[in-house]
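This briefing goes through a single structure by topic. Please keep the sequence and the 3D view open while reading.

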Amino acid sequence: MVSGIVAILSVPAAAAGAQEGAHAHILQVVNPEAASVAELGFLRQAMGEAGTAAEYASFAAGGQQRPGDLGAMKTHAGNVLHALDPTRVDGGPGLGLGLVEASRKTIAHVRMAAEAPDASDSLRAHARHVVSCVRNTLARADRMLEISERILATESAEEADRLSDELNTLAFRLRNGVDANGDGRITWHEGEGGLYVAQEHMQLLLKGEGIG
């Protein structure tokens, strides 16, 4: 997703169509027939916001002398903050919903889908994997919010430079995750998978349910 797209606050109820139960919640998370950004679903919006956050985190950390330009780092940190949680800063790039809210709504709807009376065993299994990955993403985003606020508050270019490097690392992991146990794989387990792994399991879920 490119930055600067109009603010999207929620997926319209029409996105769920006439579906009921588990599938209605899944279509709030990923809508394969989306015709606009507003209909993408919360997981795909989270992916877009993560891309924006990663873009500006890389600007904060790269292509500059050390220590970097404090003013520039503050500007980029503010843009990261807006992509993660637009309620914390006035104006900035992104979809307008924020990765944090999109991720929370993803978790909520995936859990409601899994708890629906008509949920299949396959749906419940993949739902657990999706939730685990999005929870990993939220944990990284929470740390990024803290770092961004610290960059905005500091008057030390050296401190901002160090924090920008950490911000950039975490931003990369929002989507890519990390091989936390060193086994050569990035899985859905706690501390590992990010939004890409969540998306993989959501695609398996959709296939199993015959959606899209």
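How many residues apart are E101 and K105 in helix 4? They are 4 residues apart, so about one helical turn separates E101 from K105. The model is a predicted one.

- The side chains of E101 and K105 form a salt bridge, with an N to O distance of 3.4 Å.
- E101 has a relative accessible area of 30%, so E101 is partly exposed.
- K105 is also in the partly exposed class, because its relative accessibility is 25% and that class lies between the 20% limit for buried and the 50% limit for exposed.

**Other salt bridges**

- The structure contains 8 salt bridges.
- One of them pairs R143 with E166, and their closest N and O atoms lie 2.9 Å apart.
- R143 is partly exposed at 25% relative accessibility, and E166 is partly exposed at 29%.
- Another salt bridge brings together the side chains of E159 and R150, at 3.5 Å from N to O.
- For E159 the relative accessibility is 25%, which makes this residue partly exposed.
- For R150 the value is 31%, and this residue too counts as partly exposed.

**The largest nonpolar core**

- The largest nonpolar core has 58 residues.
- Within this core, the members that touch the most other members are L84, L123, M144 and M202.
- Two or more core residues come from each of helix 1 (22–29), helix 2 (42–61), helix 3 (70–84), helix 4 (99–115), helix 5 (121–153), helix 6 (157–176) and helix 7 (195–209).
- Helix 5 contributes the most to the core, with 12 residues.
- Leaving aside residues up to four places away in sequence, L84 touches A53, G98, L99, V100, A141, M144, L145 and L174.
- As a general background point, nonpolar side chains in soluble globular proteins tend to be buried together.

**Helix 1**

- Helix 1 is mostly covered, with 7 of its 8 residues buried.
- Its buried residues are A22, H23, A24, I26, L27, Q28 and V29.
- These buried residues pack against helix 2, helix 4, helix 5 and helix 7.

- Is N136 buried or exposed? N136 is buried, because its relative accessible area is 6% and buried means under 20%.
- N136 is located in helix 5.
- Which backbone oxygen does the side chain of N136 reach? The side chain of N136 reaches the backbone oxygen of G193, at 3.0 Å.
- Not counting residues up to four places away in sequence, the contacts of N136 are W188, H189, E190, G191, E192 and G193.

Definitions and conventions. Residues are numbered from 1 along each chain as its sequence is written. This is a predicted model: local features need pLDDT of at least 70, side-chain atom pairs count only at pLDDT 80 or more; totals for chains, interfaces and linings use all residues. Side-chain values use heavy atoms; hydrogens and water are left out. A nonpolar core is a set of buried Ala, Val, Leu, Ile, Met, Phe, Trp, Tyr and Cys residues joined through side-chain atoms within 4.5 Å. Buried means under 20% relative accessible area, exposed over 50%, partly exposed in between (1.4 Å probe, protein chains only). Contact means heavy atoms within 4.5 Å. A salt bridge is a side-chain nitrogen of Lys or Arg within 4 Å of a carboxyl oxygen of Asp or Glu. A polar contact is a pair of N or O atoms within 3.5 Å; within protein, one must be able to donate a hydrogen and the other to accept it, and residues adjacent in sequence count only if both atoms are side-chain atoms.
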